[in-house]
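Hello,

Here is the structure I said I would hand over. Please have a look, then read my notes below.

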Amino acid sequence: MSTIHPKITEVLTHTFKVPVAEIHPGSTMDSLEMDSLAVAEFAVLIRETAGGVRDLDQLPKNATLADITRFIDPAADGGARVGGGPAMSNAR
Amino acid sequence: MNRPAVAVTGLGMITPVGNDTESTWEGVCAGVSPARTVAELEGCAIDFACVVDGIDLDAAIGGRASFRMGKYVKLAVLAAREAVADAGLDPAGWESTRVAVVVGTSSGGSASLTEQAVVMDRLGAGATSPSGILLTIPNMPAAEIAIQLRATGPSMAPCTACSSGVTALSVARDLLVTGQCDIAIAGATESIVYPVAMAGFARSGAGARKDGDPAGICRPFAADRAGLVMGEGAAVMVLERTEDARARGAAPRALLAGTGATTDAHHPISPHPSGAVAQAAVEAALRDAGWAAEDVEHVNAHGTATPVNDAAEAALIARAFPHRPPVTAPKGVLGHCMGAAGAIEAGLTVLTLQRGVVPPIANLDAPAPEFDIACVTKQPLRQPIRRAVSHSFGFGGHNAVIALQRP
């Protein structure tokens, strides 16, 4: 599956002003130059889309946008991979 | 006291009439207020204000940073960038430890605090922003400017309500003359046009109520003045010791000749009706500058259009400056930009000195008959001005006056 949930693209472009051209299914928060505070903010905004119950903290730090898409909308691609590295959202 | 002279070498502004210094100057000289009904204030007792318009602030700030900034921070960062560029300075090349940032605000990010309180109440703590504190605290304009411009010298956020801008310029001047920095980025910012602030503002009695077209409501020094109109914006200056500025080939826009500050210690909102303590701030600024009262050729008044302020200030001006220098009051156009007002008005005073033009007071045919002051009305007054003062009197009784002169 190589799509990106439209909410992810919307949040990245609208709130974080990430150029659309930089947003790919394989992009990670690091590759998009999102610092820890930006990632935490991103997680809150995406959590709303996931019904407020699935916390992105459960995703590995190197999760791609495709991983995040599957996580917030498991029906899209048969469920998300969970685990495999430090948590994505980290406090300073 | 023998101390180094301090020059204004850069100026940046973003206000309800313009998103930079030039457009602000043109708007203020046109003498027409942009005050209008604001959709977000629907249902408030006061649903109009002067707001910064016609700019995508997030796009102007740039990626991955604007989300963590309240509007008051964004305005300050944009004004600071303009000021530094105007000074011909390149942050990539400056000695960053010698650059100070002194940018004040009155209410900081109270707008964002209110938004977050609503989110918490409706959706729970988990839905609140991880940037919530950053969106709120009053030092963030100074901190974000320091981050953006790589300024690692002293930084701080003076908070003296509506005189915060002049206080910031005064503190920055002191940092320069005591050798604590070589460049000071100084000014103030404010953005509190949101329902909770506007409701409190209406209930305090200081705000004018709608009595026709919002553009005509703020009438400084008029007999029928009805209170202040809320504004928002930011102004930032680059200050340097004059000798340093000239050594690098920079042409000062103006010299910061002196400052004076006093505190009414009388009442949280009402100025002392005698104006004696505020006048002491004027006299302190003149002493600091080494001027006599008759040296002052122009007064940029606080002029809020509240009955009490304008009566006390007009009497003060008449007593302190019996030679009747021309008086303007930019709040007629801009509204009261609160913590930013003093910095914006000091910036306008700099331009008056440079250009020999005093902007008119909007919505004023003539001052109230009992005011013995020379208000500039209808058209800009064109005449050379060598020395001028700008008054700022804040809630809490904080009086701050700045004396500026042509280089």
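What follows covers the interface first and then the fold of one chain.

This is a predicted model.

Interface. 16 residues of chain B are in contact with 16 residues of chain A. About 1,200 Å² is buried between the two chains, and carbon and sulfur atoms give 58% of that area. On the chain B side, the residues that lose the most area to chain A are R64(B), F67(B) and P130(B). Together they make up 59% of what that side buries.

Polar links are there too. The count between chain B and chain A is 2 salt bridges. One of them joins the side chains of R68(B) and D35(A), at 4.0 Å from N to O. There are also 5 residue pairs in polar contact across the interface. By class, the side of chain B that touches chain A has 5 nonpolar, 7 polar and 4 charged residues.

Fold of chain B. An open, mixed sheet has 11 strands, in the order β5-β4-β6-β7-β1-β8-β15-β14-β9-β10-β12. β5 (155-156) and β12 (374-375) each have a single partner strand, so one side of each is left without a neighbour in the sheet. Within the sheet, β14 (387-394) and β15 (398-405) run antiparallel, joined by 8 bridges. F393(B) stands opposite N399(B) in β15(B).

Two helices to look at. Helix α3 (71-86) of chain B packs on the sheet and touches β1, β4, β6 and β7. Its direction makes about 135° with that of β1(B). Helix α9 (276-289) of chain B lies across β8, β14 and β15, at about 145° to β8(B).

Best wishes

Note on methods
Residues numbered from 1 in each chain as written. Chains lettered and ligands numbered in written order. Predicted model: local features only at pLDDT ≥ 70, side-chain atom pairs only at ≥ 80, totals over all residues. Heavy atoms only, no water. Contact = heavy atoms within 4.5 Å. Buried area = accessible area lost by both parts, 1.4 Å probe. Polar contact = N/O pair within 3.5 Å; in protein donor to acceptor, adjacent residues only side chain to side chain. Nonpolar A, V, L, I, M, F, W, Y, C, P; charged D, E, K, R; others polar. Pairing = 2+ DSSP bridges. Helix = DSSP H or I, 4+ residues; strand = E, 2+ residues; numbered from the N terminus. Axes fitted to C-alpha atoms, helices over the stretch in contact; angles between N-to-C directions.
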